[in-house]
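Here's a quick tour of one protein model, written for someone who likes the cut-offs spelled out. Have a look at the sequence and the fold before reading on.

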Amino acid sequence: MIPEADERLRAWAREAVEGVDVDFGPPSPTVDGDGVSLYLLDLMNVPPARTGRRPPRQVVLRYLVTARAGSPDTAHRILEDLFFAALETPDLEIETQPMDPRLWLAFGVAPRPGLVLRIVVRREKAEKAAPLVREFLTVDVEPVVGLRGTVLGPEDIPLPGVRVELPSFELATRTNRRGLFQFASVPARDGPCTLRVEGKGRAMVVTAEVGDEPIVIHFPLPEE
C-alpha cells in the first residue's frame with residue numbers, strides 16, 4: 001500500500017520536474033545534485049464511507065516535500081513546479097497550515113521552504129462468502145438523502161482542509177480547495193442533525209437540516 005504510494009509520488013515528481021532525483025529520506029543538510037525529498041511524516045486513519053458493500057480501509061499519508069540544489073534559486077524553482085503540479089493533480093492535497101518550526105530542529109537542518117502533501121491510499125478487504133438463505137427475508141429500507149455545504153472563514157473566504165463530521169452517523173469528510181464538503185448518503189430523519197466542524201486549531205458544533213439545499217457554515221478563526 002505505502003510502496004505503491006511512494007512510486008506514485010516519485011513518478012509525479014519526475015513528471016513535474018524533468019530529470020530530478022527523488023528520494024524518500026528526511027531533508028539533508030548536504031547538497032548532492034538537484035533533487036526532491038518526499039519524506040513520509042505520518043499516517044492518519046480515515047473512516048470508511050458507508051456503502052452497500054464492505055468498504056476498503058483508507059489511510060491518509062502525509063509527505064514532507066522539500067527541494068535541494070546547488071543554489072537557492074534552483075531549489076525554489078523546483079519547489080514552485082512541484083507546488084503547481086500538485087494543484088493540478090486531483091488525488092493530491094496540499095496542507096494550508098504552516099509547518100511546525102520544531103520539525104526542522106528534529107531533522108537537524110536549517111529551516112527551508114517546503115510543503116506537506118496528503119494522499120489517500122486504500123486496501124480492499126476480502127469478503128467472506130455469504131451463507132445460503134433458507135428462509136424468506138424481511139428488509140427494512142431506510143431512506144437516504146444528501147448533505148452538502150460550504151465552510152467560510154472571515155470575510156466569507158472558503159476554508160480548505162476543514163474536517164466536517166456527523167457524529168450520530170459516524171461520517172466525516174474534509175472541505176476541498178473551495179471550502180466545499182459533501183455527504184452523498186445520509187439517513188433521512190425528522191429534525192436537524194448535528195455537525196462538528198474542526199480546523200485551524202478550533203472546533204465548533206452546528207445544527208443543520210438534512211436535505212437537498214446546501215448549507216453554509218461560518219467558521220470563526222483564532223486571531224493571529
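Predicted model: local features only at pLDDT ≥ 70, side-chain atom pairs only at ≥ 80, totals over all residues.

Residues are numbered from 1 along each chain as its sequence is written, and side-chain values use heavy atoms, with hydrogens and water left out.

The protein has three helices and twelve strands; these are DSSP runs numbered from the N terminus, helices being H or I with at least four residues and strands E with at least two. Of its 224 residues, 34% count as buried, with buried meaning under 20% relative accessible area, exposed over 50% and partly exposed in between (1.4 Å probe, protein chains only). Take the contacts (heavy atoms within 4.5 Å) between residues at least 6 apart in sequence: 58% of them join residues at least 24 apart.

Now for helix α2, residues 72-87. Its 16 residues reach 23 Å from first C-alpha to last, close to the expected 22 Å, where the expected span is 1.5 Å times one less than the number of residues. Which residues of α2 are buried? They are Thr74, Ala75, Ile78, Leu79, Leu82, Ala85 and Ala86. Because they cover an arc of only 135 degrees around the axis, they sit on the same side of α2; the arc is that of the directions from the helix axis to the C-beta atoms. Their cover includes α1 (2-16), β2 (35-46), β3 (57-68), β4 (93-94) and β5 (115-123). On the other side of α2, Pro72 and Asp73 are exposed.

| Residue | Relative accessible area | State |
|---|---|---|
| Phenylalanine 83 | 32% | partly exposed |
| Phenylalanine 84 | 47% | partly exposed |

The structure holds four aromatic pairs. Phenylalanine 83 and phenylalanine 84 make an edge-to-face one, 5.5 Å centre to centre with 85 degrees between the planes. Rings of Phe, Tyr and Trp (its six-membered ring) pair if their centres lie within 6.5 Å; planes under 30 degrees apart are stacked, over 60 edge-to-face and the rest tilted. Ring pairs also link Tyr39, Trp104 and Phe107 into a cluster.

Finally, the sheet: three strands form an open one in the order β9-β6-β12, with mixed pairing. Its edge strands, β9 (180-187) and β12 (215-218), each pair on one side only. Strands pair if DSSP finds at least two bridges between them; β6 (residues 144-152) and β12 run parallel over four bridges. Glycine 149 stands opposite isoleucine 215 in β12.
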